Amino acid sequence: MDSRLSPHGTHDSVAMTRLDAASSADELDRSITLIEDRLSQPCRHFAYPKALAPSPEADAEVRRRFRTASLAGNRVNVPGRTDPARLGRTPIKRTDDAGRFMDKVMVLTMAPMSILMALSETKLS
């Protein structure tokens, strides 16, 4: 079963920018165990704490445990071109008013179409 559950960070919410392999493994495993024990479902996806890129050692530990991982970026994830362990994400915040929320939704839903249109124009010219 592919669960949509994902740890939003590590057990202690530490940024993984400077963690070594052992510290990364410990943080991830404690977070995964807590979630899976309480919800009885596997975690397959991960969101980096503070949306910061990990150290190479932490990156390897995340890739061993999860199908996908997301970072900051407010960018479009293009199938076949985006590393599943480096997905961009656009935060929806409590402070977003209705207009800002809709702007984010429109960008996220329209961007794939704009990419397809740009690719088709490139092929036609």
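This is a predicted model: local features need pLDDT of at least 70, side-chain atom pairs count only at pLDDT 80 or more; totals for chains, interfaces and linings use all residues.
Author: Residues are numbered from 1 along each chain as its sequence is written, and side-chain values use heavy atoms, with hydrogens and water left out.

Reader: Why is Ser 70 called buried?

Author: Buried means under 20% relative accessible area, exposed over 50%, and partly exposed in between (1.4 Å probe, protein chains only); Ser 70 has 13% relative accessibility, and therefore counts as buried. Ser 70 is placed in strand β2, residues 68–71, where strands are DSSP runs of E with at least two residues, helices are runs of H or I with at least four, and both are numbered from the N terminus.

Reader: What makes the pairing of Ser 70 and Arg 89 a polar contact?

Author: A polar contact is a pair of N or O atoms within 3.5 Å, of which, within protein, one must be able to donate a hydrogen and the other to accept it, and residues adjacent in sequence count only if both atoms are side-chain atoms. The side chains of Ser 70 and Arg 89 are joined at 3.2 Å, so the pair falls within that limit. Ser 70 also touches Phe 46, Ala 47, Tyr 48 and Leu 87, leaving aside residues up to four places away in sequence, where contact means heavy atoms within 4.5 Å.

Reader: What makes a set of residues including Leu 71 the largest nonpolar core?

Author: A nonpolar core is a set of buried Ala, Val, Leu, Ile, Met, Phe, Trp, Tyr and Cys residues joined through side-chain atoms within 4.5 Å, and the largest such set here has 12 residues, among them Leu 28, Phe 46, Val 62 and Leu 71. Helix α1 (21–39), α2 and β2 each supply at least two residues of this core.

Reader: How do you know whether Lys 50 and Ala 51 are buried or exposed?

Author: Lys 50 has a relative accessible area of 58% and is therefore exposed, whereas Ala 51, with 14%, is buried. Lys 50 lies in the loop between β1 (45–47) and α2 (56–65), and Ala 51 lies in the loop between β1 and α2.
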